[in-house]
Amino acid sequence: MPLPADYHMHTVLCRHAVGVPTEYAAQAVRLGLTEIGFSEHNPMIRDDYDDWHMLQADLDTYVANVEQARRDHPRLTIKLALEVDYIPGQEDWIRQLAARHPWDYLIGAVHYVSESWDLDNPKKISEWKNRDPFEVWTVYFERLTMAAESGLFDIMAHADLCKKFCFYPKQPWMPMVAQFMKAAKSADVAMELNTAGLRKDCREIYPSRSIVDLAAQHGVPITFASDAHAAGEVGMNFEDAVAMAKAAGYTEWCRFTRRKREPVKL
Ligand SMILES: [Zn+2]
Ligand SMILES: [Zn+2]
């Protein structure tokens, strides 16, 4: 079986990744992947919101760069997508972005747990030290659940990103995950297995095995994600992610084309 598609990759346009789509595509071909998808960080409602999203004026360049990669690698299937930050109150902005291009899928992501704190930002790690991890995780999973319920997204990103720097709550947190999983199932949203966590302090795939087990029990469909921020990270640790999915009982991943989902054998 070929490896599943890598549906989560960034490019130089988000200002904290390196390389253009055609370089990522070349690496995918070298690895024997047959399908990939670009999911650049969406332009925010204001360009000065932060310094790690694509700028509004670069959106068309992004699409053109992905189209160039398609021309350069005609045998590789290349999907065009966005990773979109879910911030409560900005749903109309997300709808506007969704209408800008015929995206193959939109990945919904929670990084912000307040207007100004993106909890995975290494420059803001001190924020964690002023807060109770249980409260942060609670807000994080509330927002993730709202994002799943919003109907705006096809796939939910790195479901337990809040573990990145190892600030784990003392209290049980599985009930919040269960809320999210119920929402994902009833909204018919997929969840990704994201190997970037293996390259962070937490040293685990996002989400952890217990969450993947719960997703499998609920029948939530899955995709695979390297969250590559450089061409060399494409498809990284996919064997581990596939093994985890199979151990949890998954026999399929899902492909998205113009926001329609179809199952593919794992
Ligand atoms: Zn990023
Ligand atoms: Zn992300």
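Q: Is His158 buried or exposed?
A: This is a predicted model, in which local features need pLDDT of at least 70, side-chain atom pairs count only at pLDDT 80 or more, totals for chains, interfaces and linings use all residues, and side-chain values use heavy atoms, with hydrogens and water left out. Residues are numbered from 1 along each chain as its sequence is written, while chains are lettered from A and ligands numbered from 1 in the order in which they are written. Buried means under 20% relative accessible area, exposed over 50%, and partly exposed in between (1.4 Å probe, protein chains only). With a relative accessibility of 2%, His158 is buried.

Q: Which residues are the protein donors of the zinc ion (ligand 2)?
A: Donors are N, O and S atoms within 2.8 Å of the metal (3.2 Å for Na, K and Ca); water is not among the atoms, so the site may look incomplete. The protein donors lie 2.0 to 2.3 Å from the zinc ion (ligand 2), and they are Glu83 (OE), His111 (NE2) and His158 (NE2).

Q: How many residues apart in sequence are the parts that Glu83 and His158 tie together?
A: The donor residues of the zinc ion (ligand 2) follow the spacing E-x27-H-x46-H. Helices (H or I, at least four residues) and strands (E, at least two) are DSSP runs, numbered from the N terminus. Glu83 sits in strand E2 (residues 77-85) and His158 in the loop between strand E4 (155-156) and helix H6 (174-187), so the parts joined by this pair are separated in sequence by 75 residues.

Q: What is the relative accessibility of His16?
A: His16 lies in the segment before helix H1 (21-31), and His41 in strand E1 (residues 35-41), so the pair ties together parts 25 residues apart in sequence. His41 is buried at 4%. His16 counts as partly exposed, its relative accessibility being 36%.

Q: Against which elements do the buried residues of H7 pack?
A: In helix H7 (residues 209-218), the buried residues are Ile211, Val212, Leu214 and Ala215. They fall within an arc of 160 degrees seen down the axis (taken from the directions from the helix axis to the C-beta atoms), so they line one face of the helix. Counting contact as heavy atoms within 4.5 Å, the buried residues of H7 pack against H6, strand E5 (190-194) and helix H8 (238-247).
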